[in-house]
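Visitor: Please take a close look at the salt bridges here, and follow them into the parts of the fold around them.

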Amino acid sequence: MARSIETIYADLLARKEADTNLDALSSTSKTAIWRLWLYIIAYATHVLETLFDTHASEVSGIISELKPHTMRWYRNKALAFQYGFDLIEDSDNFDNGTATAEQVENSKIIKYAAVTEATTESRLILKIATENGDGNLTKISASEEAAFIPYIEEIKDAGVNISVINYLPDILKLSLKIYYDPLVLTNTGVSIITGKKPVEDALKEFMRELPFNGELVLNSLIDKLQKTEGVKIPHLVSASSKWIDNDGVTYSNFENISVKKIPVSGYFEIENFDNIEYVV
């Protein structure tokens, strides 16, 4: 940012005083020739720095208006969305006015976002989710979505088509046969020492560790169970999932997962643990 004339002039004076070769220039008169020359140099330097600032601002504006944004940029902008706040005119930044830091932070309702390209058409797929009071992933409300979509339409690049996926979680159904150590677990999977269910806890932990819009790899799930207390052999009998149809309301039928699966909504929720059989 351009320095003021006064700041530049003071800097020149300080440099002059630091140079013993210029000690002869000792007049305190404001109209002394050497002081006038320093002022002229300060003024010219200020004009030059102002021109540099103007040029940098113009170049940044051109880049901002013409450069297509990356998928990472769209993800970051989704996470930066502030519910209840308006954008600064002709900008993709929010006007926080006199809002407190806490109010600003609470307005950022999008906690998870992922952007991918559609495989069959020229379109970006933006998946989003928030958290409920228990810290579990869930969709944002209808009123929140009604504010989020116009925001994305406002900031997106011209000609870019975006589909926002704000769905309830994909439902994951697992059928497992757990060969267990009877010295550690009961026949219902309860730890004899802690009273907890290590297998169910491991499955919940695995789902929490799965990145948003991350790929569920069944072998990785088995590896997780293999390291679980009291488990000798974890055998995955079957795995399937279902997700919200294109209407955004109803679930489709369960479909088998053979090796891996990326959730349509961006995240999974295990249906229940009723299909876990414990075998000695």
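Guide: In what follows, a residue is called buried when its relative accessible area is under 20%, exposed when the area is over 50%, and partly exposed in between, with a 1.4 Å probe and protein chains only. The model is predicted, so that local features need pLDDT of at least 70 and side-chain atom pairs count only at pLDDT 80 or more, although totals for chains, interfaces and linings use all residues. Residues are numbered from 1 along each chain as its sequence is written, and side-chain values use heavy atoms, with hydrogens and water left out.

A salt bridge is taken as a side-chain nitrogen of Lys or Arg within 4 Å of a carboxyl oxygen of Asp or Glu, and the count by this rule is 10 salt bridges. Among them is a network that links Arg3, Asp11, Arg15 and Glu49. Lys16 pairs with Glu17, with 3.4 Å between the closest N and O atoms; of these two partners, Lys16 is buried at a relative accessible area of 7%, whereas Glu17 is exposed at 51%.

Lys77 and Asp92 also form a salt bridge, their closest N and O atoms being 3.4 Å apart. Helices (H or I, at least four residues) and strands (E, at least two) are DSSP runs numbered from the N terminus, and in these terms the pair links distant parts of the chain, with Lys77 in helix α3 (residues 71-79) and Asp92, 15 residues apart from it, in the loop between α3 and α4 (101-107). Lys77 is buried, with a relative accessible area of 12%, while Asp92 is partly exposed at 23%.

Gln82 lies in the loop between α3 and α4 and is buried, at 6% relative accessible area. The side chain of Gln82 makes a polar contact with that of Asn96 at 2.7 Å, where a polar contact is a pair of N or O atoms within 3.5 Å, one of which, within protein, must be able to donate a hydrogen and the other to accept it, and where residues adjacent in sequence count only if both atoms are side-chain atoms. With neighbours within four places in sequence left aside, Gln82 is in contact (heavy atoms within 4.5 Å) with Phe94, Asn96, Val104, Ser107 and Lys108. Asp90 is in the loop between α3 and α4 too, but is exposed at 77%, and its phi is near 60°, a positive value in a residue other than glycine. Most residues other than glycine have a negative phi.

Glu209 is partly exposed, with a relative accessible area of 48%.

Asn213 is found in the loop between α6 and β6 (216-217). Asn213 is buried at 14%, and its phi, near 65°, is likewise positive in a residue other than glycine. Asn213 is also one of the contacts of Gly266, which, leaving aside neighbours within four places in sequence, touches Lys127, Pro211, Phe212, Asn213 and Gly214. Gly266 sits in the loop between β9 (260-261) and β10 and is buried, with 2% relative accessible area. Although Gly266 and Pro211 are 55 residues apart in sequence, their C-alpha atoms are 8.8 Å apart in space.
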